[in-house]
Amino acid sequence: MEKSALVYVTLVLVTVLLGLYVDNRIYVPGYLQGGRRYGLAYGTDRQQARNRVAEFAIYCLLTGVSACRIAVGNDYWVYRDNFKLIAQERHVSSETGFNLIVKWLQGLFGYDRYLPVFAFFSIVTVFFFVKALHDQGSYYAFSLYLLLTGGYYFNSLNSVRYYLALAMALYAQKYVLRGAYGKFVLWILAGAMFHKSVLLVVPVYLAARFLAASRLKKWHYILGGAGICSLVFGQDLYREIIFYFYPYYRNSAFDNGQLSYANIGKCVCVLALCLFFGREGIREDVANRFYFFLNLFGLVVYGCGSFIPEVSRVGYYMIISQVFLLPRIVAGIQKKPLRRLAYVGVTGAFGAYFFLLLREMYAVDVRLLPYLNWIFN
């Protein structure tokens with residue numbers, strides 16, 4: 001592992017240390033319910049001011065690493081070629097919103113000025129990640145650590161359109177929990193202007209919210225079993241629907257039918273932790289139940305949906321909620337020795353996953369390392 005990997009390691013350490021200055025626990029319930037109308041005081045108290053200073057520093061660091069990159073990511077130069085095609089008003093497969101913004105930025109900065117285009121999408125993507133942590137991260141530093149070591153932020157240096165949509169979906173979860181379904185749908189429609197796969201979260205998030213607010217009955221289990229059976233026996237139908245929207249995925253390198261064992265393992269471990277040590281928190285907290293069901297859906301998708309091209313991306317819309325669920329469950333464990341053990345276990349597991357992720361970043365189909373930026377390189 002060469003020296004530029006230390007940029008990513010240092011970024012994790014410094015931002016998580018800054019995150020320790022953020023204490024959101026008394027504010028998140030109000031953020032989720034709707035702000036000042038639900039108990040948050042007007043103005044800013046000392047802790048909120050401290051939170052915002054630390055969060056702004058975190059945002060600047062994350063944005064700086066992302067926005068200043070050059071030649072990082074296996075699709076970096078593919079995007080650069082697409083930027084030129086968009087400026088020439090030629091056909092590209094990307095969505096309308098993405099194309100319009102790229103064309104506007106190239107009109108502003110000049111043809112083939114691709115660095116400002118990448119920087120713009122970095123600024124926006126990181127904003128939605130950090131804002132989601134601000135609104136939903138009761139244990140901010142822990143959630144930030146999971147977001148970084150889980151690979152969501154670092155993978156956003158690749159697949160620009162998808163990770164912007166993922167960040168917007170994570171941000172929009174608060175509207176589902178708040179019951180502001182109109183705002184939720186509008187934000188997802190906005191995300192679909194950059195990657196239409198995000199439309200999947202509308203039925204999925206609404207179903208998870210419905211189950212979170214309900215006492216499970218027999219028909220819930222029957223319907224859930226029918227959904228799993230449809231994934232097992234209705235693969236051809238699902239594939240035709242997918243290829244209608246993404247025809248270029250058919251028989252591509254992404255259409256390989258491989259199981260994502262790492263993500264299956266993560267889902268199983270998270271759900272086991274919830275069931276063995278967080279039953280009370282799951283039972284009494286609607287937000288915890290919402291995140292729990294999203295992870296259950298993610299396990300079903302990873303376990304039964306290997307026929308889906310890029311199944312990891314489909315599942316990410318669901319399991320990214322782990323960054324909120326795990327800190328809440330671990331903090332709710334009553335017995336102190338078990339709580340400490342859970343902290344060490346979760347932190348160590350995600351740290352090991354991040355180390356393996358760093359090693360894979362050199363692969364030709366990833367190329368997130370070596371890290372280069374236009375300031376020093």
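**Cysteines and aromatic rings in a predicted model**

The sulfur of C267 lies 9.5 Å from the closest cysteine sulfur, that of C269, which is too far for a bond. A disulfide here is a pair of cysteine sulfur atoms within 2.5 Å, and a search of the whole structure finds zero of them. C229 is likewise in no disulfide, the nearest cysteine sulfur being that of C304, 8.9 Å away. C267 is buried, with a relative accessible area of 0%, whereas C229 counts as partly exposed at 41%. Buried means under 20% relative accessible area, exposed over 50%, and partly exposed in between (1.4 Å probe, protein chains only).

This is a predicted model, in which local features need pLDDT of at least 70 and side-chain atom pairs count only at pLDDT 80 or more, while totals for chains, interfaces and linings use all residues. Residues are numbered from 1 along each chain as its sequence is written, and side-chain values use heavy atoms, leaving out hydrogens and water.

Aromatic rings come next. The structure holds 32 aromatic pairs. In Y171 and Y175 the ring centres are 5.8 Å apart and the planes stand at 80°, so this pair is edge-to-face. Rings of Phe, Tyr and Trp (its six-membered ring) pair if their centres lie within 6.5 Å; planes under 30 degrees apart count as stacked, over 60 as edge-to-face and the rest as tilted. Y171 and Y175 are four residues apart in helix α9 (residues 160-178), and therefore separated by about one helical turn. Helices (H or I, at least four residues) are DSSP runs, numbered from the N terminus. Both Y171 and Y175 are buried.

Y205 is buried at 0% relative accessibility, and F290 is buried at 0%. Elsewhere, ring pairs link residues into a cluster, among them Y76, W77, F98, W104 and F194.

Some rings have a charge over them, meaning that NZ of Lys or CZ of Arg is within 6 Å of the ring centre and within 35 degrees of the ring normal. K266 lies over the face of Y353, 4.5 Å from the ring centre. The charged end of R313 sits over the ring of Y162, at 5.2 Å from its centre.

Key: Helices (H or I, at least four residues) and strands (E, at least two) are DSSP runs, numbered from the N terminus.
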